[in-house]
Each structure stands twice: as C-alpha cells, then as structure tokens.
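Thanks for coming. I will take you through one structure, a few regions at a time, so please keep the view open while I talk.

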Amino acid sequence: MKLRTRARDCLYINWALPHEAAPLLPSPLRYETHEADGRSWVFVTALLFRMSGLRVRALPGLRLGYPQINVRLYVIDGDGVAATLFYRTLAPWWAVPPLRFVVRRPAVPARLEFPRSRVFVDHDEARWAAEKHGRLLSLRARLGMQSAGPGPSFGSWPGTVSYFHSRLRAYSTTASGVRRVHTARPQSEVEPVIVEPEHTGLLASFFRHDEWDQPHSAWLCPELPLRFLTVEEPETVAASPVTAADIA
C-alpha cells in the first residue's frame, strides 16, 4: 500500500541506551551497537511531529492530520542493511484506528499537547507534552546545539544527523513478526535544538532504563515530505510473541 504525507515541526530527540536496557527484537532484526566508554550502546529516538494531509492511494478521498509520537530503534535487518524499527506510535484516540488498519502501525491512544506551527518563529522556546495511563513525557526546547549526552560520538554534527536520517528501509511490528516499510524522503532543513526533559516516565515505561535527562542529540525539521510503501513479510517470525499488552 502506498502512502504520502507531510510531517511538520518534526522534533527529533535521540538517546543512547546501554544495550542491556533495550527490549528484545523480532527476528531477523538485531541492534546496531556501538562501543564507547567500555559499554555497548544502542540508539532510540522519540520523534514528535504533526502529520499533515496523510493520503492513501487506494482511498483518494481520505486526508488525515494529527500530532504523533513515533519511538524508533536503529537496527540491522536480515539482509545486513541498516534500518529503523518503528517501536511505538502514540496518537490521539480518533487517529489510532486509521494508523492500525490503514497505515498498519501498532498505534496506541495518548493525550498529546504540541505547539502550533511556526515553532521558534513566534516564540524562542516551545513545550511538548504527552500522557498515557498517567505516565508523562514533557519537555521544553529552544534553538541551539545540544550538549552531547552519554554514548558514542559520530565525530561531527553532519555525521550525527546522517546516522539517523540516511536509512531508507524501516520495519514495524505485527502480531506475527515484522512488516517492512520502504520509505523515500528528500533532503530537508535541520535546525539543532537544546532539549530539556521535564517528565520522562512515559519513555521509562517502554524500556528498562530510567536515565533520560541527557539526550545524545536533538534537532527540528520544520517540514518533511514522506512516502511509504508497506510490504508484507510473512516469513519473518517474532523472536518472542508480540501480544496486545506489548503494544498497548
């Protein structure tokens, strides 16, 4: 199924996690690990954005727009290709059915409070917040270069951005394994930002990790055109069963 959309005010926040704190992956995916400071690290990103004008080729009359949080992991797939795993998707309750049954993402409902458009144009600082079952994620951000948090270095700012942005192959989970998603997106403007987390209990509920106060890096993409092609992968079987509780 082909999907086209535009993401606006895309806030990327990246953390390095100790490998042992990361969740099990569905087969044949494995983590892309990095050695630094005597430890093995993996990366997780929380991408907070507003989806605008989501169009499904098979349903030309359908247009969707809503705030969303996409939590993603960085992996190597069965072909040895660097890829992204869409691990969790949070959206308003009314957007969850289209995400689950049209976009085929394991989305769950959450209360999201994002800034309106023109972030950092009308104001020097902006605030994002999300709540699910009493667990919160809230943060403030402003333009500037984030002080590097724990984890490996990619040597330069362009190298850091390229690591997270250069992947064209992605996966999402299903009840029986994983579904491959081919993505295509043009180069986009990237503005470095300084993120100050306020509450991180929502992230801590997804991982065996409690230290989220120091992001590894962060930036804002004001606008990002996206195209997706979902592909069934019936031969791929989860390493451990994925239940409703796992994606709730």
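Predicted model: local features only at pLDDT ≥ 70, side-chain atom pairs only at ≥ 80, totals over all residues.

Let me begin with empty space inside the protein. Rolling a probe the size of a water molecule over the atoms shows where such space is left. Searching the whole structure turns up two cavities of 30 Å³ or more. I will talk about the second largest cavity, which has a volume of about 30 Å³. Which residues line the second largest cavity? They are Ile69, Val71, Leu90, Leu137, Leu202, Leu203 and Phe206. By type, that lining comes to seven nonpolar residues, with no polar and no charged ones. Two elements, strand S5 (59-76) and helix H3 (201-204), each supply at least two residues of the lining.

Next, strand S6, residues 82-91. Is it buried or exposed? Nine of its 10 residues are buried, so the strand is largely enclosed by the rest of the structure. S6 runs parallel to strand S11, residues 169-173, and three bridges join the two. In one of these pairings, Phe86 has Ser172 of S11 as its bridge partner. S6 is also joined by three bridges to strand S7, residues 107-109, again in parallel. There, Ala91 stands opposite Pro109.

Now helix H2, residues 157-165. Its buried residues include Thr160, Val161, Tyr163, Phe164 and His165. At the start of H2, Ser156 places a side-chain oxygen within 3.0 Å of the backbone nitrogen of Gly159.

I will finish with some loops. Between strand S1 (2-18) and strand S2 (30-31) there is a loop that holds Pro28. The peptide bond from Ser27 to Pro28 is cis, with omega at about 5 degrees.

Another loop, between strand S3 (34-36) and strand S4 (39-56), contains Asp37. Asp37 is not a glycine, yet its phi is positive, at about 55 degrees. Asp37 is exposed, with a relative accessible area of 68%.

Where does His133 lie? It sits in the loop between strand S9 (125-132) and strand S10 (135-143). His133 also has a positive phi, near 50 degrees, in a residue other than glycine. With 73% relative accessibility, His133 counts as exposed, the cut-off for that word being over 50%.

Conventions:
Residues numbered from 1 in each chain as written. Heavy atoms only, no water. 1 Å grid on protein atoms, 1.4 Å probe; cavity = no way out; pocket = protein on both sides within 12 Å on 5 of 7 lines; lining within 4 Å. Points joined across faces, edges and corners; volume = space filled by probe spheres on them. Helix = DSSP H or I, 4+ residues; strand = E, 2+ residues; numbered from the N terminus. Nonpolar A, V, L, I, M, F, W, Y, C, P; charged D, E, K, R; others polar. Buried < 20%, exposed > 50% of the residue type's maximum accessible area, 1.4 Å probe, protein only. Pairing = 2+ DSSP bridges. Polar contact = N/O pair within 3.5 Å; in protein donor to acceptor, adjacent residues only side chain to side chain.
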